[in-house]
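Subject: A structure for you to explore

Hi there,

Here is the structure I promised to hand over. Have a look at it first, and then read my notes below.

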Amino acid sequence: MAVGVLALQGSYNEHIAALRRIGVKGVEIKKPEQLRGVDSLIIPGGESTTMAKLAELHNLFPALREFVGSGNPVWGTCAGLIFLANKAVGQKTGGQELVGGLDCTVHRNFFGSQLQSFEIELVVPKLAEKEGGTNTCRGVFIRAPAILEVGPNVEVIADLPVSSDQPKVVLPAIDGQEEREFTDDKVIVAIKQGNLLATAFHPELTSDSRWHRYFMAMVEEAKQEATPSEALVKYDVYANDEDVNAIGKRHLDLPIFE
Ligand code: GLN
């Protein structure tokens, strides 16, 4: 099945091209009902406030939340990461609507304005372990966000030292916690939580296909996990009494190879 790419704004064409390079079809998602035709989704980078306004205009938020909540693999890059975060700071006054699902606090434009955009080699042993190649990848950060905090079920895949001239960052009082200054010497820039993947940078703008392959491996794994219960449903529908007796009391939640 093709991978959906949210195509409201931002680098969706680049993601579709990156998928094409590894032989995967990406389809543009612009309307809620189109999500029914895919079982995985990439939310690209761009401008998250603009993307949120367009998503609202097209009534996409409920469908996106349901898609994420049902456990479908979803990968957010940059603005897409902000979309998936449960909490975002550094937003425009009044905030912006988020899809949520990722247990993390993200800071918009953490590294500064467009002029402070940069490229850097990121150390990514977990990516190399799964997809081969060198232990580093090129990180393209364009007015990028950074992840400041993650919940217990979140796996950190890449982080970055905070530069000494980083302006002071204050985390506002949320969820009963007091307002406090962010003083960690590192920020997180790539995470995985179950079937959700998020990167603060733009792998689709490089020729390194490993992030897209990594996401496709997550999609494949999710499909395999879904297969036994699908088989069970089909069996329940078609089984006659004799088949049920033959199987006896065996648990049907595992695939049967005989
Ligand atoms: N700064 C943008 C935002 O807040 C994200 C930038 C990007 O996606 N490259 O939405």
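Let's begin in the middle: the largest nonpolar core has 75 residues, and Phe83 and Trp211 touch the most other members. A nonpolar core here is a set of buried Ala, Val, Leu, Ile, Met, Phe, Trp, Tyr and Cys residues joined through side-chain atoms within 4.5 Å. Buried means under 20% relative accessible area, exposed over 50%, and partly exposed in between (1.4 Å probe, protein chains only). With six residues, helix H6 (residues 210–238) gives the most to this core. Helices (H or I, at least four residues) and strands (E, at least two) are DSSP runs, numbered from the N terminus. In soluble globular proteins, nonpolar side chains tend to be buried together.

What does Trp211 touch, leaving aside its neighbours within four places in sequence? Its contacts (heavy atoms within 4.5 Å) are Trp75, Val124, Leu127, Cys137, Ile157, Ala190, Leu197, Thr199, Phe201 and Pro203.

Before going further, please note that this is a predicted model, where local features need pLDDT of at least 70, side-chain atom pairs count only at pLDDT 80 or more, and totals for chains, interfaces and linings use all residues. Residues are numbered from 1 along each chain as its sequence is written, and side-chain values use heavy atoms, with hydrogens and water left out. The pLDDT, the predictor's confidence in each residue from 0 to 100, averages 88 for the protein chain, and 87% of the residues score at least 70. Over residues 231–258 the pLDDT is below 50, and this stretch has 11 contacts in the model beyond near neighbours in sequence.

Next, helix H3 (residues 61–69), where Phe61, Ala63, Leu64, Phe67 and Val68 are buried. Seen down the axis, these buried residues fall within an arc of 165° (taken from the directions from the helix axis to the C-beta atoms), so they line one face of H3. The face turned away from that side carries the exposed residues Glu66 and Gly69. Among the elements covering the buried residues of H3 are strand S1 (3–6) and helix H2 (48–57).

Glu47 sits in the loop between S3 and H2. Is Glu47 buried or exposed? Glu47 counts as buried because its relative accessibility is 17%. Its side chain makes a polar contact with the side chain of Arg108 (3.3 Å). A polar contact is a pair of N or O atoms within 3.5 Å; within protein, one must be able to donate a hydrogen and the other to accept it, and residues adjacent in sequence count only if both atoms are side-chain atoms.

Happy exploring!
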